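Hi everyone, thanks for making time. I'd like to walk you through a few local features of one structure, so let's bring it up on the screen.

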Amino acid sequence: EERIAEEYKNNEIRCPVHLSIGQEACAVGACYDLNKNDILFSTHRSHAHYIAKNCNLNSMIAELYGKETGCCGGRGGSMHLIDTSKGMYGSIPIVGSSIGLAGGSAFHQKQNKKKNITVVFIGDASLEEGIFHEIANFSALHKLPLIFICENNLYSVYTNIKERQPHQDFIKYAESHGIVAKKIDGNDVEKINNSVNEMRIKCLKNQGPFFIQLDTYRWREHCGPNYDNHLGYRSKSEFVKWKKNCPIEKYENFLKNKKILTDTIKSKLVSDNKKIIDRAFDF
């Protein structure tokens, strides 16, 4: 995404982009142990989810450039990413719209006794849409194999959650529908991974649905490649506080303390990833 931000100024990527820089742990922790038959639905901020589901990066970058070789034929752009071969059934930019599709997917899995689940990423503003409550109610009644993953980055564009909702414990919304819910640090990839895996196993045992709230923070502007702190809708101290809680640095330190990650290994990872990214943009 940092490369996307660099290239965006060249005016060849003509679609809007919503970057997930600062929110990486949510995507990686949730998707890492899903299999390719587990179905995923995403939001307008979908790059990280698509990549974490092990989808085709070349096709994603081509889609941003409007190429026929893009994952949506160049017609959708950044907010319409899909790779059904890996279980990524689409990102829907309209707030809350993926929830209904995810409910239908989970209902199909239940009716046909499938051995896979559906995961739907939603933002905090999705809880202000009626469809969340309709599908939450329906999925609880039918014990659907569905996991709602709410990435709470505190803002709906420029409006803080305190100005939109009476509290920030979204698990109360889920629990009111009889759904088991959990709230954890959205920048802790290990905790997210463990929690989602536990929920996935229970979903396969007919104990779903589940809801998980991940508190996190986007570093860059709501839509676009730049920083927008000069607009004044969030304070510098808040930004600095969350930046210090960078999920990537947090996990690096964890792995170094466990003697798993060394500077040599890190250097190779960075080098290998740069080659993959370069190939995608060359493609």
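Asparagine 54 counts as exposed because its relative accessibility is 53%; here buried means under 20% relative accessible area, exposed over 50% and partly exposed in between, with a 1.4 Å probe and protein chains only. Asparagine 54 sits in the loop between α3 (47–52) and α4 (57–64), where helices (H or I, at least four residues) and strands (E, at least two) are DSSP runs numbered from the N terminus. Its phi is near 65°, a positive value in a residue other than glycine.

A word on the ground rules. This is a predicted model, where local features need pLDDT of at least 70 and side-chain atom pairs count only at pLDDT 80 or more, while totals for chains, interfaces and linings use all residues. Residues are numbered from 1 along each chain as its sequence is written, and side-chain values use heavy atoms, with hydrogens and water left out.

Lysine 143 also has a positive phi, about 50°, although it is not a glycine. You'll find lysine 143 in the loop between α6 and β4, and at 43% relative accessibility it counts as partly exposed.

Those two elements bring us to the rings. How many aromatic pairs does a search of the whole structure find? The search finds twelve, pairing rings of Phe, Tyr and Trp (its six-membered ring) if their centres lie within 6.5 Å, with planes under 30 degrees apart called stacked, over 60 edge-to-face and the rest tilted. Phenylalanine 132 and phenylalanine 148 have ring centres 5.5 Å apart and planes at 75°, so they are edge-to-face. This pair links distant parts of the chain, with phenylalanine 132 in helix α6 (residues 130–141) and phenylalanine 148 in strand β4 (residues 146–152), 16 residues apart. Phenylalanine 132 is buried at 0% relative accessibility, and phenylalanine 148 is buried at 0% too. Ring pairs join Phe132, Phe148 and Phe211 into a cluster.

For a stacked example, take phenylalanine 170 and tyrosine 173, at 6.2 Å centre to centre and 10° between the planes. Phenylalanine 170 is buried at 0% relative accessible area, and tyrosine 173 counts as buried at 17%.

One last stop, on the backbone. Glycine 208 and proline 209 are joined by a cis peptide bond, with omega about 0°. Proline 209 lies in the loop between α8 and β8 (210–215).
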